[in-house]
Amino acid sequence: MQKVNRDVLLEKAAAMLDAGEVQAVLGWGAGEFAYDVTPRVFETSDELRADFVWNDFCGANLSKYLVSKTKKLEGKLLVFLKPCDTYSFNQLLTEHRFEREKVYAVAVPCEGMADVQKLKALAGDGISSIESTDSGFSVTTIYDDAPVEVKGADVLLEKCANCKSRKHVAYDELLGDEGEVLDSNRFDEVERIEAMTSEERFAFWQGELSRCIRCNACRDVCPACTCEKCVFDNPNSGAENKAPTTSFEEQMFHVIRAFHVAGRCTDCGECSRVCPQNIPLHLLNRKFIKDINTFYGEYQAGAEEGSRAPLVDYTLEDLEAEDVFKKEAE
Amino acid sequence: MRKCSLSKLTDLFQKINESASLYLPATDNAGGAVYTKWADGVEYLDVLNTVRSPKDFFFPQSENLMEFKLKGKNIEILDIREESEDFVIFGVRACDVKSFEVLDRVFLSEPVDSYYQNRRAHAVIISMACMRPADTCFCTAFGIDAAEPAGDVSAWKTECDLYLKANTEKGAQLLAKLSNLTEECDDSEVSPLQEKIRNIMKKLPLEGISLENFGKGKTKEYFDSPLWTELSEACLGCGTCTFVCPTCQCYDIKDFDTGSGVIRYRCWDSCMYSDFTKMAHGNSRNTQVERFRQRFMHKLVYYPENNDGLFSCVGCGRCLSKCPISMNIVKVMKALGGEKK
């Protein structure tokens with residue numbers, strides 16, 4: 001499915017490593033199967049040649065790793081960024097979370113990444129090999145002699161099915177062709193929930209959030225969650241909680257987190273990708289994004305480095321509280 | 001051995017449910033399965049793995065242990081345990097049944113954990129052989145036979161029938177109650193099924209993963225390995241692997257101030273969390289590398305060291321499919337054990 005192939009990325013990174021232009025490369029490393037790709041820091045071109053992957057399962061957004069990884073290096077770190085990842089990259093720069101000059105950002109065009117859960121639902125479990133084809137995947141399982149053909153469009157990660165942009169908003173170098181900001185349908189589901197009665201909406205979220213196991217994966221993967229110590233982990237905060245003792249508590253965690261990242265969330269979709277319980281957490285964030293667009297005018301976090309988010313920027317034209325309610329009533 | 005037509009499955013569930021609450025895997029309405037209390041209309045979902053493991057039945061994510069009430073100058077300590085009902089868990093996979101043995105050795109050794117013991121005593125486990133193991137399965141490495149799951153009753157499913165075999169006194173008592181709905185049979189249908197399953201297991205991609213480099217006496221060999229830094233590099237420090245794991249057993253005990261007293265509760269802890277084993281003097285594991293190492297050393301070295309060589313992993317594959325960054329015990333075993341990925 002991907003138009004730019006692995007070798008293009010590999011040669012770029014290996015050449016820069018060998019020339020000493022960068023000290024390390026942040027990319028994706030091979031796993032046991034085609035789909036279990038792990039983010040990895042490569043320090044030599046031999047390591048890259050052995051284990052670097054760029055395939056349809058590189059959904060992980062590497063931007064947040066820059067916060068910790070750049071601190072450990074004297075020299076530069078080369079990072080590969082998909083279009084959506086560049087928005088997180090910019091937002092982290094806006095928040096001064098890492099030093100720009102320590103990073104060499106290589107932008108990679110992306111045709112959308114696959115969700116292995118969706119793939120298994122269609123092709124069956126017991127996968128022994130996955131071949132990428134022009135239109136999707138040819139999947140062989142231990143149960144069937146003939147490979148199962150699966151369309152790529154049917155197994156996209158949620159964030160890719162509703163891709164907001166194929167344009168890279170930040171990079172030092174672009175491999176391949178630049179894309180466009182897309183007219184996505186990402187707010188359709190939000191509108192569906194908005195159309196519910198408050199009772200229905202409460203029941204919907206209670207149903208979704210009741211599956212939460214408080215593993216904190218959504219928070220830990222989130223590029224907008226870079227607090228040195230999260231209030232929910234701090235025994236001195238009074239808000240520390242390790243387990244959802246009540247359903248109210250687990251709702252509080254997610255609602256507070258959504259508020260905390262409001263205006264800063266770029267809608268990278270990582271929270272929903274990593275949730276072991278398939279809770280559509282991105283919908284909470286998208287509601288905030290949609291509201292900000294409605295009340296303050298179109299704003300995309302991360303589109304521009306250094307931009308001031310409407311929620312932290314006062315202007316004389318800002319809506320008054322009463323106007324907000326009026327607009328909401330419309 | 002007894003058998004029952006699958007068309008009578010609902011009647012069977014109904015009958016079990018008459019004498020004890022029945023729990024079985026059912027849809028979680030989000031693409032996964034969750035152990036659900038059976039009632040009319042709840043359909044058994046024959047999935048390989050539930051997202052959460054059945055350890056929740058005996059060792060729930062959080063539970064209240066006791067309550068302290070202030071009365072004048074006296075503190076009253078209340079035992080607030082309520083559970084006393086018998087229950088049956090249907091459809092437990094061989095790997096998950098084995099996990100109960102791992103947990104038993106922790107909670108039922110002296111001093112016995114009476115909360116866990118109470119729930120264990122009230123449960124009857126009906127296991128289910130795996131007809132379609134997944135690419136993430138590696139239970140055979142731990143000597144588990146997916147074709148012959150343990151438990152109080154073992155079950156096998158063919159196209160049209162369910163076969164049941166009692167392994168314990170409790171299991172025999174349960175099957176006796178179901179005698180009107182089942183008929184005596186031999187294992188002529190089950191044996192070929194078992195052979196089929198065992199052949200499937202041999203074809204799985206993780207078949208042949210070796211444990212010979214792990215177990216007792218390996219602490220010094222691996223503790224200072226430089227590989228831990230590399231393996232843990234991308235770890236987010238979330239608790240997913242530990243919370244979906246059927247054998248992870250660490251917990252934290254805390255006091256909740258109710259305003260008029262204190263409720264002491266315990267909840268799952270995760271060695272991946274920054275405050276894991278935090279004590280008055282501070283924390284003995286301050287980096288993610290150390291916490292990451294703890295998880296795998298515990299499963300592959302420390303636990304076997306203290307438990308006659310038994311590993312505290314059962315190869316269910318939940319961490320393989322749920323880790324946000326796809327790092328897992330198989331990758332760790334292959335890297336440390338010197339096997340090429």
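Call a residue buried if 20 or more other C-beta atoms lie within 10 Å of its own. With that cut-off, buried residues make up 41% of the 341 residues in chain B. Keep in mind that this is a predicted model.

Now for the overall build of chain B. The chain has 11 helices and 14 strands. Its C-alpha atoms fill a box of roughly 65 × 65 × 40 Å along the principal axes. A compact globule with 341 residues would have a radius of gyration near 20 Å, and chain B has 22 Å, so the two agree. If you take the contacts in chain B with a separation of 6 or more, 70% come from residues 24 or more positions apart.

Next, the domains. Chain B splits into domain 1 (2-203) and domain 2 (219-336), and 25 Å separate the centres of these two domains of chain B. Where they touch, 32 residues of domain 1 of chain B are in contact with 27 residues of domain 2 of chain B. On the domain 1 side, β4 (62-71) and α2 (94-107) of chain B are the elements that give two or more residues, and β4(B) gives the most, with nine. That side of domain 1 is made up of 17 nonpolar, seven polar and eight charged residues.

Finally, look across to the partner chain. Here 42 residues of chain B are in contact with 34 residues of chain A. On the chain B side, at least two residues each come from α5 (190-203), α8 (240-244), β12 (261-268), α10 (318-322) and α11 (329-336). Sorted by class, the side of chain B that touches chain A has 21 nonpolar, nine polar and 12 charged residues.

Key
Residues are numbered from 1 along each chain as its sequence is written. Chains are lettered from A and ligands numbered from 1 in the order in which they are written. This is a predicted model: local features need pLDDT of at least 70, side-chain atom pairs count only at pLDDT 80 or more; totals for chains, interfaces and linings use all residues. Two residues are in contact if their C-beta atoms, placed from the backbone, lie within 7 Å. Helices (H or I, at least four residues) and strands (E, at least two) are DSSP runs, numbered from the N terminus. Ala, Val, Leu, Ile, Met, Phe, Trp, Tyr, Cys and Pro count as nonpolar, Asp, Glu, Lys and Arg as charged, and the others, Gly among them, as polar. The radius of gyration is taken over C-alpha atoms; the globule rule is 2.2 Å times the number of residues to the power 0.38. A residue is buried if 20 or more other C-beta atoms lie within 10 Å of its own, exposed if 12 or fewer, and partly exposed in between; C-beta atoms are placed from the backbone. Domain bounds come from an automatic or database domain assignment.
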